[in-house]
Amino acid sequence: MAIHNRLSVFRADHAMSRKDLAERVGVNPQTIGYLERGDYAPSVELALKLAAVFDAPVEALFSLQPFAPLAHSLKNGG
Amino acid sequence: MFYRSARHPFGRAVSRRSARALVIALYILYPLGCVLRLRPFSDAFGGAADIAGLLLIAAALLVFAVLAGSSLQRQAQEPEDKLDERESAERNRAAYWSYSAFAGLVVAGATYMMIATDLVESGKATLWTPQTGDHWNAVVGGLVLLGMTLPAAVLAWGKETADME
């Protein structure tokens, strides 16, 4: 089953490069690219580390269901 | 075998497409060079074939040197604790497939040798088998190259590498 994520949105919001984020969670920068494209589903440990970097709950970053478009979320008050 | 340079401690980044081209070149140049050099079926073209064969083998070794310093070869050869979880999972999958392919090839080669030897001994057919030291060197050299590059070759046929920023 595909795991959807908003990693690139959070990363852009925090003005972080893939390299910066990779260093924070201890992975190869290419792995961040794989995660963002949905080509790789992270382990629970990595998902929690990523959520901790953005100080967000893990379900804000990853979901089994596709995330609603950002504009839609903003329109409905987040 | 992975060659780590001071400039590229994680291996020279190569796209999967380039890696595939390198692997295909290696797997064509080396056997072709050996066939030209050893000419198992005929002694045609003599010295010219010898030189062409040596050049192709040298080109294959050059391709191997490039591959040996690549990020894919690093992923294939690096100890487990030096890889992240994605690299490690991909490598384990590649190791499984390359082991299966290599084992299958060795079994097929051994079966061929068994059949060829029987047929030659009984005089029913003439199939090529390695006879001289040069023949065996070529076969073993090919197996060594294959064994060292097959996991990276399997990785090269994986998903395209993510763009770097």
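Colleague: To begin with, how far from the ring centre of Tyr34(A) does Arg86(B) lie?
Modeller: Arg86(B) lies over the face of Tyr34(A), at 4.0 Å from the ring centre. A charge is taken to sit over a ring if NZ of Lys or CZ of Arg is within 6 Å of the ring centre and within 35 degrees of the ring normal.

Colleague: Before we go on, what kind of model is this?
Modeller: This is a predicted model, in which local features need pLDDT of at least 70 and side-chain atom pairs count only at pLDDT 80 or more, while totals for chains, interfaces and linings use all residues. Residues are numbered from 1 along each chain as its sequence is written, chains are lettered from A and ligands numbered from 1 in the order in which they are written, and side-chain values use heavy atoms, with hydrogens and water left out.

Colleague: Back to the ring of Tyr34(A): where does the charged end of Arg37(A) sit?
Modeller: The charged end of Arg37(A) sits over that ring of Tyr34(A), 5.4 Å from its centre.

Colleague: And how many aromatic pairs are there over all chains?
Modeller: There are 2 aromatic pairs over all chains. Phe10(A) and Phe54(A) make up a tilted pair, 5.6 Å centre to centre with 45 degrees between the planes. That pair links distant parts of the chain, 44 residues apart: Phe10(A) belongs to helix 1 (residues 7-13) of chain A, and Phe54(A) to the loop between helix 4 (44-53) and helix 5 (58-61) of chain A. Tyr96(B) and Trp97(B) form an edge-to-face pair at 5.4 Å centre to centre, with 70 degrees between the planes. For the criteria, rings of Phe, Tyr and Trp (its six-membered ring) pair if their centres lie within 6.5 Å; planes under 30 degrees apart count as stacked, over 60 as edge-to-face and the rest as tilted. Helices (H or I, at least four residues) and strands (E, at least two) are DSSP runs, numbered from the N terminus.

Colleague: Are Phe10(A) and Phe54(A) buried or exposed?
Modeller: Phe10(A) and Phe54(A) are buried, whereas Tyr96(B) and Trp97(B) are exposed. Here buried means under 20% relative accessible area, exposed over 50%, and partly exposed in between (1.4 Å probe, protein chains only).

Colleague: New topic: how many salt bridges does the count come to over all chains?
Modeller: The count comes to 11 salt bridges over all chains, each being a side-chain nitrogen of Lys or Arg within 4 Å of a carboxyl oxygen of Asp or Glu. One of them joins the side chains of Arg16(B) and Glu90(B) at 3.8 Å, N to O. These partners are 74 residues apart and link distant parts of the chain, with Arg16(B) in helix 1 of chain B and Glu90(B) in helix 4 of chain B.

Colleague: Why does Arg16(B) count as buried?
Modeller: Arg16(B) counts as buried because its relative accessibility is 3%. Glu90(B) is buried as well.

Colleague: What does the side chain of Arg16(B) reach at 2.5 Å?
Modeller: At that distance the side chain of Arg16(B) reaches the backbone oxygen of Leu155(B).

Colleague: Which residue forms a salt bridge with Glu36(A)?
Modeller: Glu36(A) is bridged to Arg18(A), and their closest N and O atoms are 3.3 Å apart. Glu36(A) lies in helix 3 (residues 29-37) of chain A and Arg18(A) in helix 2 of chain A, 18 residues apart. Both Glu36(A) and Arg18(A) are buried.

Colleague: What about the side chains of Arg74(B) and Glu87(B): how do they meet?
Modeller: Arg74(B) and Glu87(B) meet in a salt bridge of 2.4 Å, N to O. Arg74(B) is in helix 3 (residues 71-77) of chain B and Glu87(B) in helix 4 of chain B, 13 residues apart. Both Arg74(B) and Glu87(B) are buried. In chain A, salt bridges that share partners join Arg11(A), Arg18(A) and Glu36(A) into one network.

Colleague: Turning to backbone angles, what is the phi of Ala15(A)?
Modeller: Ala15(A) has a positive phi of about 50 degrees although it is not a glycine. Ala15(A) lies in the loop between helix 1 and helix 2 (18-25) of chain A and is exposed, with a relative accessible area of 70%. Asp55(A), also not a glycine, has a positive phi near 50 degrees. Asp55(A) is in the loop between helix 4 and helix 5 of chain A and is exposed at 72% relative accessible area.

Note on methods:
A polar contact is a pair of N or O atoms within 3.5 Å; within protein, one must be able to donate a hydrogen and the other to accept it, and residues adjacent in sequence count only if both atoms are side-chain atoms.
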